[in-house]
Amino acid sequence: LSVTGGIPPNKEVMEHLTARQASLEQRYRHWIALIAAAPAAEAATPDPQLYFQEQLHDVQRTLERLAAARGLAVPEQLGFPKELPPSDTVPRLLIQLSLIKEAAALIFEQGVAAVTSFKIEDPQPVVRPEGAEPFLIRLPVRVRVNASLPQLMKVLGVIQRAAPLIDVLAVRIAPAEASVGAAGAATDS
């Protein structure tokens with residue numbers, strides 16, 4: 001600081017800069033907690049692939065319980081590969097698996113007619129306007145739901161309030177089949 005002709009270094013300046021840095025780090029952690037799911041530390045276990053398989057089976061059992069409690073069919077597909085994933089993709093897949101579990105709970109609570117499938121997609125970097133390195137990576141999960149329009153609106157409302165942030169990229173609505181007689185919606189998020 002003294003080289004630039006600014007404030008001479010002393011104890012008060014150091015305390016001010018330390019407090020400022022702590023404040024900025026706290027705000028950074030707050031915003032990261034709102035927009036990102038924490039990577040699972042368990043993925044660093046000796047066998048992350050086996051840990052992923054265990055978590056996948058746990059989520060499948062959770063979905064079965066949620067569906068059975070409401071008298072609905074279990075989603076046909078979760079969209080994960082049948083074979084063991086590469087170790088370097090396990091943290092991303094664990095986050096997407098966590099997102100499926102959270103989204104399913106939110107969706108089932110809104111009384112939808114059915115959650116037919118989930119499908120994971122490849123990560124998408126969120127491009128910054130100045131073309132710099134992406135700061136955020138989107139981990140898309142496609143959800144297919146049969147619901148009435150009021151139920152779909154409730155689902156979108158609870159997803160909007162969810163933390164960490166769940167970003168709905170697109171909603172595609174299709175009419176229910178004539179034999180069903182009730183309104184339906186297919187939701188891609």
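**Core, strands and surface of a predicted model**

Me: What does Phe-118 touch, leaving aside its neighbours within four places in sequence?
Reply: In this predicted model, Phe-118 is in contact with Leu-63, Pro-75, Gln-77, Leu-78, Gly-79, Ile-100, Ala-104, Val-141, Arg-142 and Val-143, once neighbours within four places in sequence are set aside.

Me: Which residues of the largest nonpolar core touch the most other members?
Reply: Phe-118 is one of them, along with Phe-52, Leu-63, Phe-80, Ile-100 and Ile-107. That core has 32 residues.

Me: And which elements each supply at least two residues of this core?
Reply: α2 (48–69), α3 (90–109), β1, β4 and α4 each do. The largest share is from α3, with 10 residues.

Me: OK, strand β1. How many of its seven residues are buried?
Reply: Five of the seven, across residues 114–120, so β1 is largely enclosed by the rest of the structure.

Me: In what sense do β1 and β4 pair?
Reply: Antiparallel, over six bridges; β4 covers residues 141–146.

Me: Which residue in β4 is the bridge partner of Ser-117?
Reply: Arg-144.

Me: Switching to Gln-110. Where is that?
Reply: Gln-110 sits in the loop between α3 and β1.

Me: Does Gln-110 count as buried or exposed, and why?
Reply: Gln-110 counts as buried because its relative accessibility is 17%, and the cut-off for buried is under 20%.

Me: What does Gln-110 touch, not counting residues up to four places away in sequence?
Reply: Gln-151, Lys-154, Val-155 and Val-158.

Me: Now the surface. Which residues make the nonpolar patch?
Reply: Leu-149, Met-153, Val-171 and Ile-173 make a nonpolar surface patch of about 380 Å². Of these, Leu-149 lies in helix α4.

Me: Last one, Leu-169. Which segment is it in?
Reply: Leu-169 is in the segment after α4, the helix spanning 149–160.

Me: Why is Leu-169 classed as partly exposed?
Reply: Because the relative accessible area of Leu-169 is 45%, which falls between the cut-offs of under 20% for buried and over 50% for exposed.

Me: What does Leu-169 touch, with residues up to four places away in sequence not counted?
Reply: Gln-124 and Arg-138.

Definitions and conventions:
Residues numbered from 1 in each chain as written. Predicted model: local features only at pLDDT ≥ 70, side-chain atom pairs only at ≥ 80, totals over all residues. Heavy atoms only, no water. Helix = DSSP H or I, 4+ residues; strand = E, 2+ residues; numbered from the N terminus. Buried < 20%, exposed > 50% of the residue type's maximum accessible area, 1.4 Å probe, protein only. Contact = heavy atoms within 4.5 Å. Patch = residues over 30% accessible without salt bridge, like charges linked within 9 Å, V, L, I, M, F, W, Y side chains within 5 Å. Areas by Shrake-Rupley, 256 points an atom, 1.4 Å probe, with all protein chains shown as cover. Salt bridge = Lys/Arg side-chain N within 4 Å of Asp/Glu carboxyl O. Pairing = 2+ DSSP bridges. Core = buried A, V, L, I, M, F, W, Y, C linked by side-chain atoms within 4.5 Å.
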